[in-house]
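Reader: I am meeting this model for the first time, and I would like to work through it slowly, one question at a time.

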Amino acid sequence: MSDNDAKIIRHKLTRLLSRREHSQTELRKKLAELALDKDLVDETIQRFAEKDIQSDLRYAEAVVRGAYRKGKGPVFVERELNNHNIDFHTVKTLVGDEGFDWFESSKAVRIKRFGADLPEDWAAKQKQMRFLQYRGFTQEQIKYAFE
């Protein structure tokens, strides 16, 4: 463990975080490619988090906003954030924020993809429902999209 390794880690973290938010899990994976001391990597990431240079909360907020904007549902968001080891309570709080109307979003996604007319036959409806499920919407939100 040398000063040079610490400098490399700090430089890499700074470059990564200057572009966009990253979760601590994501940073660890990216730094693992450099084959540096794992304890030093963890310690440096922790220092960046303590100084609020890195924040899992900001990362999670960015993921939720981006997914909502792209027409992805809350199930997609929860799965994505779970893969980054973001606290479950934090995820539920962010997804449940009043600023995100997942029901209207599911309807807008269906209309954008398939048009405003509701499907007339069962097979077409199933296809649209599978599409919305794939996008990460709940069954209640999918039902709402067909009202």
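Reader: Which residues does Val77 touch, not counting residues up to four places away in sequence?
Author: This is a predicted model, in which local features need pLDDT of at least 70 and side-chain atom pairs count only at pLDDT 80 or more, while totals for chains, interfaces and linings use all residues. Residues are numbered from 1 along each chain as its sequence is written, and side-chain values use heavy atoms, with hydrogens and water left out. Taking contact to mean heavy atoms within 4.5 Å, and setting aside residues up to four places away in sequence, we find that Val77 touches Val64, Ala67, Val95 and Trp102.

Reader: In the largest nonpolar core, which residues touch the most other members?
Author: A nonpolar core is a set of buried Ala, Val, Leu, Ile, Met, Phe, Trp, Tyr and Cys residues joined through side-chain atoms within 4.5 Å. Here buried means under 20% relative accessible area, exposed means over 50%, and partly exposed lies in between, with a 1.4 Å probe and protein chains only. The largest core has 21 residues, and those that touch the most other members are Val64, Val77, Leu81, Trp102 and Leu132.

Reader: Which helix gives the most to this core?
Author: Helices (H or I, at least four residues) and strands (E, at least two) are DSSP runs, numbered from the N terminus. Two or more residues of this core come from each of helix 4 (56-69), helix 5 (74-83), helix 6 (88-95), helix 7 (102-114), helix 8 (122-134) and helix 9 (139-145). With five residues, the element that gives the most is helix 4.

Reader: Within what arc do the buried residues of helix 8 fall, seen down its axis?
Author: The buried residues of helix 8 are Gln128, Met129, Phe131 and Leu132. The arc is that of the directions from the helix axis to the C-beta atoms. These buried residues line one face of the helix, because they fall within an arc of 155 degrees.

Reader: Which helices do the buried residues of helix 8 pack against?
Author: On the other side of helix 8 there are exposed residues, namely Trp122, Arg130 and Tyr134. The buried residues of helix 8, by contrast, pack against helix 7 and helix 9.

Reader: How many Å apart are the end C-alpha atoms of helix 8?
Author: The expected span of a helix is 1.5 Å times one less than its number of residues. Helix 8 has 13 residues and should therefore span 18 Å, which agrees with the separation of its end C-alpha atoms, 18 Å.

Reader: Which helices do the buried residues of helix 6 pack against?
Author: In helix 6 the buried residues are Val91, Leu94 and Val95. Seen down the axis of helix 6, they fall within an arc of 95 degrees, so they line one face of the helix. The buried residues of helix 6 pack against helix 4, helix 5 and helix 7.

Reader: Is His84 buried or exposed?
Author: His84 lies in the loop between helix 5 and helix 6. Because its relative accessible area is 11%, His84 counts as buried.

Reader: With which side chain does the side chain of His84 make a polar contact of 2.8 Å?
Author: A polar contact is a pair of N or O atoms within 3.5 Å; within protein, one must be able to donate a hydrogen and the other to accept it, and residues adjacent in sequence count only if both atoms are side-chain atoms. The side chain of His84 makes such a contact with the side chain of Tyr59 at 3.2 Å. The polar contact of 2.8 Å is with the side chain of Ser23.

Reader: How many salt bridges does a search of the whole structure find?
Author: A salt bridge is a side-chain nitrogen of Lys or Arg within 4 Å of a carboxyl oxygen of Asp or Glu. One of them joins Arg20 and Glu26, whose closest N and O atoms are 2.6 Å apart. For the whole structure, the number of salt bridges found is seven.

Reader: How many residues apart are Asp42 and Arg28?
Author: The side chains of Asp42 and Arg28 meet in a salt bridge of 2.7 Å, N to O. This pair links distant parts of the chain, with Asp42 in helix 3 (residues 38-50) and Arg28 in helix 2 (residues 24-32), and their separation is 14 residues.
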